[in-house]
Amino acid sequence: MNIYYMNIILLKHGKKYTANDVNRQAEKLMNYANYPIFCFTDDPKDVIIDCVSIPKKPKLMKWWNKLHVYRHDFVLSDKCVMFDLDIDIIKNPFPYIENIDWRIPHFIHDHWKKDLSYQPHAYETEINSSIMAWTAHRNTEYWWWFEQNIDYNTRKYAGIDRYIWDKKFNYGTFDNEIHSTIIL
Amino acid sequence: MKYIQPSFFENKVLPLLSFLYTDTMYGNQYDFYRIKDVLDQFSHGQFLCKQWAVDEVQQFIEPEDTIAVIGGWYGLMSHMLAESGFTNDILDYEIDSVCIDFHDKLKVHNNISICHQDGFEMFDDKELNGKEKIIICTACEHIDKDDLYEYMSIKNPYARVLLQSNNMHDIASHINCHESIDHFIDTLPEMNILYKGTKKIDDYERYMVIAK
């Protein structure tokens, strides 16, 4: 019996990914864990797993919808992990997720990026939210800061990873071995 | 360049950028991206779409009309309106407090007032709704479609509105883009259309409707 519990979440917004992409990723993940799997989406049509609606307000586009999960009113509770739909899961990633410090959100560490010489205002980041684990209703500062000026933040940062990195939020990274379980 | 003088860049825009660069070196009041954001406000595409708005809306502006610009960013729209010769009161609404600071620094014309407020809130206020006879928003791609519909539904029927959006779907801050001017109009409540048009700017299209 699995002593851990977490919600697995797959984000599908807009038309970039199909219900088929969600269903296929969910089937892959079911090979490695029997946690409940939800699709966080604006369009549940043809999705075969349970769906959770992306909040309508404020309306966000693309990857920015990931930040909704840090809202104090996010509909799911407890431990959560989100997998992007464009990563290929080739081995069991859960051993590198289950034992993290769940008090802070965790991300993949793109450790090779530390050798890149970007200027600070590129907001380049070593974290990668292709897999993101957090405890619902903690760390709501991730949403709060974003909400203060959504329009500016979505112009300034080329994605949520750069936003999180630049804001210097408290976070952790998965063991680098998680890279051996996926193809980014 | 129509409705903008070279002296505006020399005396206002370039000093602001210089100030910002220095401020971001030693202070933490502003962040470095503001420099890019100001540059984007004064881009070729921004000039063209504001110039288009001034050209088309001027026939609908009476001398006694107050003009409201909603989501005025750093104030280019209101500046170009005043520069074109309008001496009407122009209220520029913006919710970003840094834009308000810089709009003040860029301001040339005394008939422009800058309000740190969501301009669409005027529609919820019986006293304010319709006080501004010309309402301009050239950034509808940043406004929730349902919100825009609701505001236009409750606007004073005597107020004329100029709305612009575009088809730049790839930009993550754009939450209300369209495929055509008619598609844009379809998302608005029924109004008396005074003007509608499409302008190709570089590799995208901008849509404008003036309605009552």
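Let's start at Pro58(A), which sits in the loop between β3 (50–53) and β4 (79–83) of chain A. When I say strand or helix, I mean DSSP runs numbered from the N terminus: H or I over at least four residues for helices, E over at least two for strands. The peptide bond from Lys57(A) into Pro58(A) is cis, with omega near -10°. Most peptide bonds are trans, and most residues other than glycine have a negative phi.

Before I go on, a word on what we're looking at: this is a predicted model, so local features need pLDDT of at least 70 and side-chain atom pairs count only at pLDDT 80 or more, while totals for chains, interfaces and linings use all residues. Residues are numbered from 1 along each chain as its sequence is written, and chains are lettered from A and ligands numbered from 1 in the order in which they are written.

Okay, staying in chain A. Tyr123(A) is in the loop between β6 (106–109) and β7. Tyr123(A) isn't a glycine, yet its phi is positive, about 55°. Is Tyr123(A) buried or exposed? Buried, because there are 20 other C-beta atoms within 10 Å. The cut-offs, with C-beta atoms placed from the backbone, are: 20 or more other C-beta atoms within 10 Å is buried, 12 or fewer is exposed, and in between is partly exposed.

Next, Asp161(A), in helix α4 (residues 160–166) of chain A. Asp161(A) has 23 C-beta neighbours inside 10 Å, so it counts as buried. Leaving aside neighbours within four places in sequence, Asp161(A) is in contact with Thr125(A), Ile127(A), Asn128(A) and Ser129(A). Contact here means that the C-beta atoms, placed from the backbone, lie within 7 Å. Asp161(A) and Glu126(A) are 35 residues apart along the chain, with 8.3 Å between their C-alpha atoms.

Over in strand β7 (residues 127–135) of chain A we find Thr135(A). That one counts as partly exposed, because it has 17 C-beta neighbours inside 10 Å. Setting aside neighbours within four places in sequence, Thr135(A) touches Asp78(A), Lys79(A) and Trp102(A). From Thr135(A) to Ile104(A) is 31 residues in sequence and 7.4 Å in space, C-alpha to C-alpha.

So where do the two chains meet? Ten residues of chain B are in contact with eleven residues of chain A. The chain B side of that has four nonpolar, three polar and three charged residues. For the classes, Ala, Val, Leu, Ile, Met, Phe, Trp, Tyr, Cys and Pro are nonpolar, Asp, Glu, Lys and Arg are charged, and the others, Gly among them, are polar.

Now the cores. In soluble globular proteins, nonpolar side chains tend to be buried together. A nonpolar core here is a set of buried Ala, Val, Leu, Ile, Met, Phe, Trp, Tyr and Cys residues joined through C-beta atoms within 7 Å. Which members of the largest core, with its 49 residues, touch the most other members? Ala68(B) and Ile136(B). A second, separate core has 39 residues, including Leu60(A), Tyr96(A), Ile131(A) and Tyr163(A). Back to Ile136(B): not counting residues up to four places away in sequence, its partners include Ala53(B), Val57(B), Met77(B) and Leu162(B).

Just after α4(B), Gly85(B) has a positive phi of about 120°.

In the loop between β1 and α4 of chain B there's Trp73(B). Trp73(B) has a phi near 55°, positive in a residue other than glycine. Trp73(B) counts as buried because 23 other C-beta atoms lie within 10 Å.

Last stop, Glu127(B), in the loop between β3 and β4 of chain B. With 7 other C-beta atoms within 10 Å, Glu127(B) is exposed. Glu127(B) and Ala211(B) are 84 residues apart in sequence and 21 Å apart in space, C-alpha to C-alpha.

Definitions and conventions: Contact = placed C-beta atoms within 7 Å.
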